[in-house]
Number of protein chains: 2
Amino acid sequence: MRKASPENRILNDGRAVRLAARSGALTGNTAGLALGFVQGNLVVLPEALAGDFLRFAQRNPKPCPLLGVSEPGSRTIPELGLDLDIATDIPLYRVWRNGELVDEPGAVDAVWRDDLVSFVIGCSFTFEESLIAAGLPMRHVSRGDNVAMFRTSIATKPAGPFQGPMVVSMRPLRPADAIRAIQITSRFPAVHGAPVHIGHPADIGIADISKPDYGDPTEIMADELPVFWACGVTPQSVIAATRPDFAITHAPGCMLVTDRRNTEYAVI
Amino acid sequence: MRKASPENRILNDGRAVRLAARSGALTGNTAGLALGFVQGNLVVLPEALAGDFLRFAQRNPKPCPLLGVSEPGSRTIPELGLDLDIATDIPLYRVWRNGELVDEPGAVDAVWRDDLVSFVIGCSFTFEESLIAAGLPMRHVSRGDNVAMFRTSIATKPAGPFQGPMVVSMRPLRPADAIRAIQITSRFPAVHGAPVHIGHPADIGIADISKPDYGDPTEIMADELPVFWACGVTPQSVIAATRPDFAITHAPGCMLVTDRRNTEYAVI
């Protein structure tokens with residue numbers, strides 16, 4: 001978790017984080033900021049691909065839970081934040097051309113196009129807050145690491161050009177804690193929901209659990225089980241593989257912080 | 001599952017099963033009868049022990065979920081069945097004196113006492129019906145076996161003379177099915193609820209998973225995990241260890257079938 005600095009201490013709601021990103025005062029990751037407020041992954045695509053991507057998300061709600069979608073060309077998604085500006089309110093963006101990362105700017109208003117559609121996708125920060133509140137240990141959080149993520153042999157359901165393997169995040173938990181974590185995350189279908197796998201990594205195509213494809217390795221103790229959740233990196237990896245002529249995403253860890261509260265997304 | 005015989009086909013609600021047991025027409029186990037209706041474990045104790053046992057149940061709701069408790073001396077529990085007679089409506093009883101099994105009669109009206117209190121405790125038949133309805137394989141059911149049960153190193157919380165290890169039932173499931181089973185059984189706290197353990201039998205004191213302490217062994221395939229639920233055998237084993245001067249229970253598999261529907265016990 002980021003250490004509290006004088007500026008960070010006042011970034012305690014979604015709007016404060018967005019304004020700090022917009023002004024350029026905040027350029028780093030958003031972990032630990034605006035606790036209680038929903039943070040989302042950003043994907044921006046040309047309208048020509050938006051219909052296919054919407055169908056992809058509908059067919060793959062666990063890795064790709066949509067929290068909000070903009071009108072074509074619009075930089076706002078009012079239901080996620082009244083004054084939200086998609087092109088300026090994230091600390092760090094990634095700009096992609098033909099599947100290649102070409103820039104990592106602090107704003108994308110200079111490259112904005114009238115045909116762009118923005119998708120905000122749920123992020124595990126929301127359910128991790130509930131897991132931590134329940135007293136469950138999150139080893140990667142307490143170590144200050146990024147969560148371990150793996151490409152799996154679980155195929156997503158294709159739509160148009162979008163297809164590819166599901167990416168999962170892994171958290172090691174003792175069995176009774178794993179059962180509690182399944183209950184808690186089942187309440188949050190809008191942010192990946194219940195795990196997709198537990199206990200047998202090889203059965204979902206993970207050859208070496210100590211070598212994640214993204215993020216940092218997390219040790220699994222002898223009395224723990226690896227628990228796997230569908231991950232918001234899936235749509236980014238699927239989109240990269242389709243090599244669209246133009247796309248924008250957030251930079252890893254630098255999320256869009258919204259005005260919605262995590263608790264709003266608990267279904268029961 | 002019991003094969004349907006001409007009599008069994010009409011035993012399709014709780015009252016029909018109870019009347020068949022009362023008349024002596026039904027003397028065997030109740031598995032597969034009156035589908036959809038709650039079946040319960042029976043424990044009958046002298047009133048002098050009833051307060052301690054109630055506190056034991058309150059402290060150990062997962063192995064000992066109380067569905068109904070009689071008034072002292074009464075043979076009825078109206079909320080479980082309007083015409084229910086505890087002393088005659090179970091196909092086969094067990095009578096215990098000083099912790100020893102002394103008789104296995106078809107009715108206990110001849111040995112009834114005015115100081116007896118009856119406890120009806122939830123049974124996994126209720127949640128297994130939901131697991132089967134969800135398409136999850138229950139290997140012991142499809143093989144016609146009794147579920148595999150194990151004494152564990154998990155201690156119950158004591159009350160008065162009642163104490164001892166928790167007994168668990170084990171069902172092997174593939175990981176995705178195990179996650180679904182945790183979700184489904186979490187809806188049924190009145191019938192043992194979510195599992196208490198998954199995946200590491202040795203960590204709960206089970207030395208050999210192929211040798212259950214009660215019931216039949218169930219094979220665990222390489223792509224499965226053993227999933228463990230608190231079991232209604234726990235209170236029976238705890239009571240036997242306290243050696244009360246007098247007690248009555250149902251005989252294994254010969255349950256009290258009530259008028260309540262399984263679906264009534266789903267909390268969400």
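1. Let's start with a sheet in chain B: it is open, has 4 strands in the order β6-β7-β9-β8, and its pairing is antiparallel. Helices (H or I, at least four residues) and strands (E, at least two) are DSSP runs numbered from the N terminus, and two strands pair if DSSP finds at least two bridges between them. The edges are β6 (148-155) and β8 (197-198) of chain B, each pairing on one side only.

2. A word on the ground rules. This is a predicted model, in which local features need pLDDT of at least 70 and side-chain atom pairs count only at pLDDT 80 or more, while totals for chains, interfaces and linings use all residues. Residues are numbered from 1 along each chain as its sequence is written, and chains are lettered from A and ligands numbered from 1 in the order in which they are written.

3. Back in the sheet, β7 (residues 165-173) and β9 (residues 225-230) of chain B run antiparallel to one another over 6 bridges. Axes here are lines fitted to C-alpha atoms, for helices over the stretch in contact, with angles from 0 to 180 degrees between N-to-C directions; contact means C-beta atoms, placed from the backbone, within 7 Å.

4. Helix α7 (residues 233-242) of chain B lies across β6, β7 and β9 of chain B, at about 150° to β7(B). Its buried residues are Val233(B), Thr234(B), Pro235(B), Gln236(B), Val238(B) and Ile239(B). A residue is buried if 20 or more other C-beta atoms lie within 10 Å of its own, exposed if 12 or fewer, and partly exposed in between, with C-beta atoms placed from the backbone. The buried residues of α7(B) pack against β1 (37-46), β5 (116-122), β6, β7, β9 and β10 (247-250) of chain B. Just after α7(B), Arg243(B) has a positive phi of about 50°, so please take a look there.5. Now to the chain A–chain B contact, which takes 18 residues from each of the two chains. On the side of chain B that touches chain A, α6 and β8 of chain B are the elements giving two or more residues, and α6(B) gives the most, with 7 residues. That side divides into 11 nonpolar, 5 polar and 2 charged residues. Ala, Val, Leu, Ile, Met, Phe, Trp, Tyr, Cys and Pro count as nonpolar, Asp, Glu, Lys and Arg as charged, and the others, Gly among them, as polar.

5. How do the two α6 helices cross? The axes of α6 (residues 175-186) of chain A and α6(B) come within 10 Å and cross at roughly 75°. That makes the pair roughly perpendicular, a label for angles of 65 to 115 degrees (under 35 is roughly parallel, over 145 roughly antiparallel, the rest oblique). Ile179(A), Ile182(A), Gln183(A) and Ser186(A) meet Ile179(B), Ile182(B), Gln183(B) and Ser186(B).

6. Finally, Asp85(B) sits in the loop between β2 (66-69) and β3 (93-97) of chain B. With 17 C-beta neighbours inside 10 Å, Asp85(B) is partly exposed.
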